[in-house]
Each structure stands twice: as C-alpha cells, then as structure tokens.
Amino acid sequence: MLGILLLLAVVELVLVPLVTILFHAPLLAQPGLLAALLAAGTVGFAAVGALFAAMLVRARSRDVMLPILLYPITIPVMIAGVRGTAALLQSPPDVASVTMWVGILGAFDVVFVTLSLWTFEPVMTE
Amino acid sequence: MRKAFVPLLLITGAMFAYAPIMIAHADYEASMGIVSKILYFHAPSGMVMLLSAMVCGVASAIYLWKKSPAADRVAMASAELTALFGLIVIVTGPLWAKKAWGIWWDWEPRLTMSFVGWLISVSYLFVRKYAGPGSDKLGAALAVFGSVNVPFIYVSVNVWRTLHPKTTVVPTLPPGMRGPFWYSALTLFLFYLLLLTARIHLERQRATLDELYLAEEDRS
C-alpha cells in the first residue's frame, strides 16, 4: 500500500503543475485545500486498491476481475475527488463545498482503511 | 426456516393476490396520475434491496471471521436477491422519473449511489462464478465493502439537495396511501424471505451433493 501511495504521489506531483500550466487552470489558488483533496483521495484509492490487488493474486481471470471489483468500490472516492476539484476550479473557488467534499473523502478514507486492515488478515490466510 | 416455507408461501401468495386490489383502491394522486402507483413497487423494493445488501455484508463478515459455511450460503443468496431487487428499483425508477422530472435518469447522488450498490452486487455474483478457488473470501470482502455503501445510499437524499424525494416522505404520506404502501412493503419483504429461504436451501442441497460426490470418488 505504501508503494502505491508513493507512486500515486509522484504522479500527482508531476501532473498537477502540468495541468496548471497547460490548461491555465487556477489549481494553485488554494494549495492547502488541493493538497487535502489529493491526499485524501489517494489514501482511499490506495487502501482499497492494495487490498483487492493482493486478494486477486491467486484468483482465476484476475485481469478481468480487478476492474470489475475496483470500479464500483472506488466510485464514491472518485466522485468526491472530481466534484471537490471542480468546486476548487470555479472562480472564485467554492471553498464551502470543497471543504464538504474533503470531509466526505476523509469519512470514506476512515471507513476504507479500517475495513481494509480488518479484512486483510482473514482474506489472505488460508 | 424450512418448516416455515409452506405457510410463508401461502401467506405471501395471498398477499400478492390481494395487493392489486389494495393498490387500485389507494388514493388517486392527481398530479402524477396512474404513474404514482409505481410508488407501491419502487420504494418497497428499494427498502428490500438495502436490507438484502446489509444481510449480505453481515453474513459475509461472519463468514470471513467465523468460517461458517452457513453464513456463506446466506451471503450468496442475499447477493442474488440484492441484484434482483436492485434491478426492479432501477427499472421502475426511470419509468416514474420520466413522468415526474421529465428525464429518464440523472447522475445525482441517490441514483448514482443506488446504481453503484447494484453494480457491487452484480460484481459479487461475477466473482463467485468466475474467480475460481478462493472466490468465496474475495466475494465476502467485496460484500463487506458493499454494505458500507448502504447507509450512504439511505442518507444521500437528506444530505444533498437532490431530485429524489427525501426519506421523510414516507411517514408523511396521506392516510389513503400509507396503508397500501406498508402493505406492499410487507408483501415484498415476505417475498424476499421466501426467496432467501428457497435459495439457501438450494445452496445447502448443492453442498450436500458435492460431499456425496467426493465420498463416492474416495470409495472407488
């Protein structure tokens, strides 16, 4: 999970400045909120992704199964991240709703990380 | 549960037979017309779907930690019923929405979350069927995550301003509609219990059959 976190963080570090430059997006107007959105979204995505990827290692037709499983489970995280960033990109940025989406992301993170840690052991042991 | 099956079948059958009369005599809602009768099908199915997803999640959690095969059978049966009732909900929903909102579908929180919940139950069935060995645990973990979605589906209409009516609509139904509504909810709930019992029984028979085959192979 730490590996995924690191990889995603590096990709974000490259992508965010690129998007800002290429699309003239006012992404960096509220750096704190943007960082909170990115961090919360990455943690939620990595927790579920790591768990399901680890579980699927032994399953049959795992390359088909991973998207089927991961897509519905992480949709709430993706929606919250996208809507939060969209609110951030408005001019002026809609700080109230960005904070709300960060809160929702945080709630999902708590639930997802707890559940991942709980289910990891019974799922992985024979 | 098995002894209760025949009485349950008779009661549910009788209630289903009487339901159309009850619904036909319910108050006529002038602004929606005949389409408002979907209420007696759509909302109770939604309730049963959420209940069934919860049952599936709890049974899966029990299976993960206690390793009881009975819990696994309950989870399997419940997941199929979640998919079934979810299908009813997302088919009747747009039929109603077209009349009420003028559109078939809108990506607002309640609808999206319900759709995701239904998608999770379908992917559970995919995993159980095609993931091969170890799919029972994989599916159980998925169902535990899926049941987390349920409270979010339930509160989504109250948290966000959405097109979908709030949950507080149900207690404030006019008296002429309230009776038939709860009657339909009870009927569909009994129907769910009936299908669940039958499905668990089937799954148990299948397990027994597998054991018999294994015993036979050992002998020869």
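Biologist: What should I know before I start?

Modeller: The model is predicted, so local features need pLDDT of at least 70 and side-chain atom pairs pLDDT 80 or more, while totals for chains, interfaces and linings use all residues. Residues are numbered from 1 along each chain as its sequence is written, chains are lettered from A and ligands numbered from 1 in the order written, and side-chain values use heavy atoms, without hydrogens and water.

Biologist: How many helices and strands does chain A have?

Modeller: Helices (H or I, at least four residues) and strands (E, at least two) are DSSP runs, numbered from the N terminus. Chain A has 4 helices and 0 strands, in the order α-α-α-α. Its C-alpha trace spans about 55 × 25 × 25 Å along the principal axes.

Biologist: What share of the residues of chain A is buried?

Modeller: Buried means under 20% relative accessible area, exposed over 50%, and partly exposed in between, with a 1.4 Å probe and protein chains only. In chain A, 40% of the 126 residues count as buried.

Biologist: Where is Thr42(A) found, and is Thr42(A) buried or exposed?

Modeller: Thr42(A) is in helix α2, residues 31–56. Its relative accessible area is 6%, so Thr42(A) is buried.

Biologist: Which residues is Thr42(A) in contact with, leaving aside neighbours within four places in sequence?

Modeller: Contact means heavy atoms within 4.5 Å. With those neighbours left aside, Thr42(A) is in contact with Leu5(A), Leu8(A) and Glu12(A). For chain A, 70% of the contacts with a separation of 6 or more are between residues 24 or more positions apart.
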